[in-house]
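Have a look at it, then read on.

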Amino acid sequence: MTRAHLGLAAVILAAAVAQEAPDASTARRVARRHLGRATVPGARLQPSDLQYVGAFRLPDRASGAPEQATWEYGGEALAYRPDGDPGGDSDGFPGSLVGTGLDQVNLVSEISIPAPVVSPGKHLDELPTAATLQPFADVRGSLFTAFTELPRVGLCVLSDVQTGEKLHMAWGQHFQEEAQSRIPGHGWCDLTLASPATQGAWWLGDLSPYTVNGYLLEIPDAWAAASVGGRRLGAGRFRDGGWSGMGPSLHAYAPWLSGNPPPPGTRLSVVTLLQYDSTLDGAVPGGSGSLAGYQGADEWEGAAWITSLSGRSAVVFAGTKGIGAYWWYGWADPTSTGTPCVEPDPGGQPICFRADGSRCPPELVRECAEHTSARGFWSSAMNARLIFYDPDDFARVARGELQAREPQPYAHLDLDPWLFLPDPPPEAEVLGRGAQRRHRIADVGYDRARGHLFVLERFADGVKPLVHVWKAR
């Protein structure tokens, strides 16, 4: 596979769906799932409530499959499917995962979930490999093919009494200016991937696409009914440099409230739960409308609304967090000392900040010698991390008691101790090395019935992701 075919390495850089009402058995099954797990208001899930279970590998490209039908350079989107793999209950990991492969085209495949294995020495050959249940297919129809420049994708499998089981999707790309800004990015399709009957595309209100087309999650039914008018889907995105807002975002929506399916081009009603200030609007790092400890090099790639076996809850965002003394726009520091290597003229004032949000001293705002060609946002040090938000704070936002820019995480969990993190990684000039390594983890999926959180580690199995599993107790 050449570099021209590689999505992240490029940084190197519908039709009608059946509208019959679900049958009675489907309605009963969906209704039971809506009951979910009872949670205790105010009982926050703690990092210590997440127990590491192990990891497993993704399948290799099938013999004779198209070059783009591969998990290599994948990981943009991941979703748990409760009714997938009906024969997989015996190992304690029923259901399946639906995710995207090569991130230039983001074909979608469904895989089984083998029982994960803990490898103390982090040896790939000790891990089981998932089986392919549905091979890679293009589920976009004709709706999202314009998003070609570093595409962004979110997926969520959700059953509703009105719609039955659907694969909800969000599509976008790194830059969404001019023509791309006029293309709606949300839709749904059936779970028969070879004939998905894709429907859409829809807007989420008047929100910027930079805030809604990076990840999707399921909102527990009882919370959605009580707080956001039954909107059981959450959408968000973090776009580096603070263009989406200086921290992750979250917006609740439900397409079926506007039709089954809504007409193409519909602007779906949205309740905003989390939205920090955007640098596009003149906000500056270190202000009150940002994630505490925000850095422009942060990456928030996935989210899950966890309701644990013990009744605790949290909304977690997964990503690679800048934690270094400095962050900047430019290149990785080739000396590995964490010293800024700054683009002197990025189209405006050079971007270089201390961790506290103050600007770098002038002597550090310079382009260093012998840097790589991978320009972007960097931090002196990065860490794979989950950050935990209290759902009660989002309920207060929905009621108008807090501004959407005000909620802050109450805890975090650093994931590096469990990751494989080969060093140097593949595509080291793009990813960085050592403490500066970017793109450590990608999207997540969540099995609410068993409390299993699935987290993709990028570039851990050659250029394929690994799937790590934690259990919320």
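1. Start with Asp390, whose side chain forms a salt bridge with Arg44, the closest N and O atoms being 2.8 Å apart. (A salt bridge here is a side-chain nitrogen of Lys or Arg within 4 Å of a carboxyl oxygen of Asp or Glu.) Asp390 sits in the loop between strand S20 (382-389) and helix H3 (391-398), and Arg44 in the loop between helix H1 (24-35) and strand S1 (50-57), so this pair ties together parts 346 residues apart in sequence. Helices (H or I, at least four residues) and strands (E, at least two) are DSSP runs, numbered from the N terminus.

2. A word on where this comes from: it's a predicted model, with local features needing pLDDT of at least 70 and side-chain atom pairs counting only at pLDDT 80 or more, while totals for chains, interfaces and linings use all residues. Residues are numbered from 1 along each chain as its sequence is written, and side-chain values use heavy atoms, leaving out hydrogens and water.

3. Is Asp390 buried or exposed? It's buried, at 8% relative accessibility, whereas Arg44 is partly exposed at 33%. (Buried means under 20% relative accessible area, exposed over 50%, partly exposed in between, with a 1.4 Å probe and protein chains only.)

4. Next, Asp60 and Lys464 meet in a salt bridge at 2.8 Å, N to O. Asp60 is in the loop between S1 and strand S2 (78-81) and Lys464 in strand S24 (464-472), so parts 404 residues apart are tied together. Asp60 is exposed at 63%, but Lys464 is buried at 7%.

5. Overall, the structure holds 27 salt bridges.
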